[in-house]
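Subject: Structure handover and what was found in it

Dear colleague,

I am passing on the structure we spoke about, together with some notes on what was found when going through it.

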Amino acid sequence: MDAKEIVAKYSIDYIKDKKIIGIGTGKTIRKLIETISDIDIFKTKQYIASSIDSEIELSKRGFSVISLFSGIIPDVYIDSFDFLIRENNGKIILIKGGGGALLREKLLTVSSKERIFIGEISKLKVPKLLQIPIEIVPVSLSYVLTNLTSQGFRVKIRESQGKIGPLISDNGNIILDMEVDNTQDLCKLNNELSNIVGVIETGIFCNLYDTIILADNDGRLEIIKKS
């Protein structure tokens with residue numbers, strides 16, 4: 001069985017009693033949406049999505065979708081991640097934003113009453129050089145690139161296959177990908193990046209979770225609870 005399917009099915013018990021559910025973005029979350037679409041109780045709930053892609057996926061399956069602009073606080077937010085880093089001090093960092101929805105994902109993460117992240121155990125294998133997504137205001141592009149490259153970072157503008165030029169986020173912003181050594185203090189880096197004029201958000205989620213559910217293709221599960 002596919003790890004995405006295993007972790008999606010296992011996570012159902014964590015969200016089935018919630019009325020308003022925040023939903024993330026990505027292939028694992030698509031599998032979750034597919035899974036709950038066959039369970040009647042989930043059609044009685046309301047959903048707030050972190051991306052247009054997830055809104056469309058929910059809507060076409062008959063779910064009731066609330067706009068993120070409503071300001072309604074989800075009872076739970078469930079999402080996937082790109083990589084998980086365990087620091088020696090017990091802090092857990094998630095790297096997110098591979099799907100380009102990092103700003104809305106972090107907004108839902110910090111505002112929801114409970115945060116659950118699901119993913120494959122293979123995502124614990126963190127590459128030496130990480131690609132950290134950064135969402136920036138378009139007019140600040142030259143300034144932010146100059147600022148980061150002057151600090152010695154390798155940064156590139158994320159492009160899409162469907163158009164020439166920068167990939168534009170659901171918020172009308174530009175996304176950069178910055179190469180970072182995984183031994184760096186990523187929580188400190190997140191704060192430093194956030195202080196650069198023009199930077200809106202980063203894909204570094206520093207200790208922003210309540211439960212993390214991991215699975216592999218053999219059905220092995222690992223649950224991480226915030227102490």
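How many bridges join strand β8 to strand β10, and do the two run parallel or antiparallel? Strand β8 (residues 129–136) and strand β10 (residues 174–181) run antiparallel and are joined by eight bridges, and within this pairing I174 of β10 is the bridge partner of I136. Please keep in mind throughout that this is a predicted model.

The pair belongs to an open sheet of four strands, which follow one another in the order β9-β10-β8-β11 with antiparallel pairing. Its edge strands, each of which pairs on one side only, are β9 (154–157) and β11 (199–202). On average, neighbouring strands of this sheet are turned by 30° against each other, if direction is ignored.

Two helices lie across strands of this sheet. Helix α4 (residues 102–111) lies across β8, β10 and β11 and runs at about 70° to β11, while α6 also lies across β8, β10 and β11 but runs at about 160° to β11.

Because C187 lies in helix α6 (residues 186–194) and C206 in strand β12 (residues 204–206), the pair ties together parts that are 19 residues apart in sequence. The torsion about the S-S bond of C187 and C206 is about 85°, so the disulfide is right-handed. Both C187 and C206 are buried.

Strand β4 is joined to β1 by three bridges, the two running parallel, and I21 stands opposite V76 in β4. Three bridges likewise join β4 to β7, and these two strands also run parallel, with Y77 standing opposite R115 in β7. In a regular strand the side chains alternate between the two faces of the sheet. In β4, V76 and I78 point one way and Y77 and D79 the other, and all of these residues are buried.

The last element to describe is helix α1 (residues 3–15), which has 13 residues and reaches 19 Å from its first C-alpha to its last, close to the 18 Å expected at 1.5 Å a residue. At the start of α1, a side-chain oxygen of D2 comes to within 3.1 Å of the backbone nitrogen of K4. The buried residues of this helix are A3, I6, V7, A8, S11, I12 and I15, and what covers them includes the strands β1 (20–23), β4 (76–79), β7 (115–120), β13 (211–215) and β14 (221–225), as well as helix α2 (27–36).

Leaving aside its neighbours within four places in sequence, K9 is in contact with M1 and T35. K9 and L32 are 23 residues apart in sequence, and their C-alpha atoms are 7.2 Å apart in space.

How values were computed: Residues numbered from 1 in each chain as written. Predicted model: local features only at pLDDT ≥ 70, side-chain atom pairs only at ≥ 80, totals over all residues. Heavy atoms only, no water. Expected span 1.5 Å × (residues − 1). Buried < 20%, exposed > 50% of the residue type's maximum accessible area, 1.4 Å probe, protein only. Contact = heavy atoms within 4.5 Å. Polar contact = N/O pair within 3.5 Å; in protein donor to acceptor, adjacent residues only side chain to side chain. Disulfide = S-S within 2.5 Å. Pairing = 2+ DSSP bridges. Axes fitted to C-alpha atoms, helices over the stretch in contact; angles between N-to-C directions.
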